[in-house]
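The sequence and the model are shown first.

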Amino acid sequence: MLDLDRVRFTRYSITVGILAWTLVLAAVASGRAPFGIIELFFLFAPLVVVPLGVDLGEAYAPMSPRIAQLSRLLQPSAAMLLVAAFWRPPGFGAALFAMPWATFCVLLALGALPRLRRSTVPIFAVTVARLDLALAAAWLLLSRSGQHLTSFQEPIVLLTAVHFHYTGFATASIAGGLAEYVRRQGRSSRLISFLVLFAVILPFVLAAGFVFSPSIKVCAAILLAVCIPSLAVAQLFVSRKSKNPIPIVFFSLSMLASFASMFLAAVYAIGEFRNTDWLSIPRMASMHGALNALGFVLPALAGWLVALGLETKHVLGSDSARSSHIIC
């Protein structure tokens, strides 16, 4: 049965999140916000992307009812407090405002852990997506507290939190949606499964490259620049016979944005590896950030919510029809 309370809550959370982010956008554009474009696109994740991704995962890999209820109660207020955390300078106060969001992320990760041992490809993807949020929370707290590791300074600390919210959580959620749709269609594709697993694991390889080796980092960045557009093409391909055109429109937009976004990411990674300033961090954040958050992630998550919702209704309708036939 469709969880109508979950659906209503997600709509409420997304509506509030979009309104809040629009106000933040206006403040940044007018120069009244005490932060810039990187913080702006980071805040889009807790306000809009994460609620969509969590709802998508709940559609086929639900958490325990207690954790699900707690996370729903915590998410909107934690996201709003995070906006306040960025309005303050880094320090104890800013970290305190960020703590509820970190608690929310850790709560989701703890709820995901039991599924790791026994999972299908889509459940594995959404489980790793929730674990990504715990890593994102750690880097977020580090950024807001103003405490930096020896080798990492701002904006790299905050960009790592951005990485695990978008390239980690959001991409794994999208990959999980693709794998679940293929499973519900009764199709078996090793290529899709391989692509999904690749998309889920590569963000960790890229993060490891920042710590251990520039060569690993640039190779992982290039592989991601190939993998994510491939994922976008695959989701459009498998949904092409959908009776509803809305997911196809969403996936078409997502695919086009993914090519532009990942091209910029590859150019930046190669330029950094060669010590060539092809793209500055602010320009990369504004161009790649907008394409990735608004162009690739948002339409893809919305597309899978619609596509899998329609699939669920179709299955429920078929079951109801069979039940009525038996009763008659």
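The sections below cover the basis of the model, its fold, its surface and one residue.

## Basis of the model

The model is predicted: local features need pLDDT of at least 70 and side-chain atom pairs count only at pLDDT 80 or more, while totals for chains, interfaces and linings use all residues. Residues are numbered from 1 along each chain as its sequence is written, and side-chain values use heavy atoms, with hydrogens and water left out.

## Overall fold

The chain has ten helices and zero strands; helices (H or I, at least four residues) and strands (E, at least two) are DSSP runs, numbered from the N terminus. The radius of gyration is 20 Å, close to the 20 Å that the globule rule gives for 328 residues, so the chain is as compact as a globular protein of that length. This radius is taken over C-alpha atoms, and the rule is 2.2 Å times the number of residues to the power 0.38. Along the principal axes, the C-alpha atoms fill a box of roughly 70 × 40 × 40 Å.

Contact means heavy atoms within 4.5 Å. Among contacts between residues at least 6 apart in sequence, 76% join residues at least 24 apart.

## Burial and surface

Of the 328 residues, 51% count as buried, that is, under 20% relative accessible area (1.4 Å probe, protein chains only). The chain exposes about 15,500 Å², of which carbon and sulfur atoms supply 68%; accessible areas come from the Shrake-Rupley method with a 1.4 Å probe.

## Residue D55

D55 lies in helix α2, which covers residues 37-58. At 8% relative accessibility, D55 counts as buried. Leaving aside residues up to four places away in sequence, D55 touches R6, T10 and L305.

Definitions and conventions. Buried means under 20% relative accessible area, exposed over 50%, partly exposed in between (1.4 Å probe, protein chains only).
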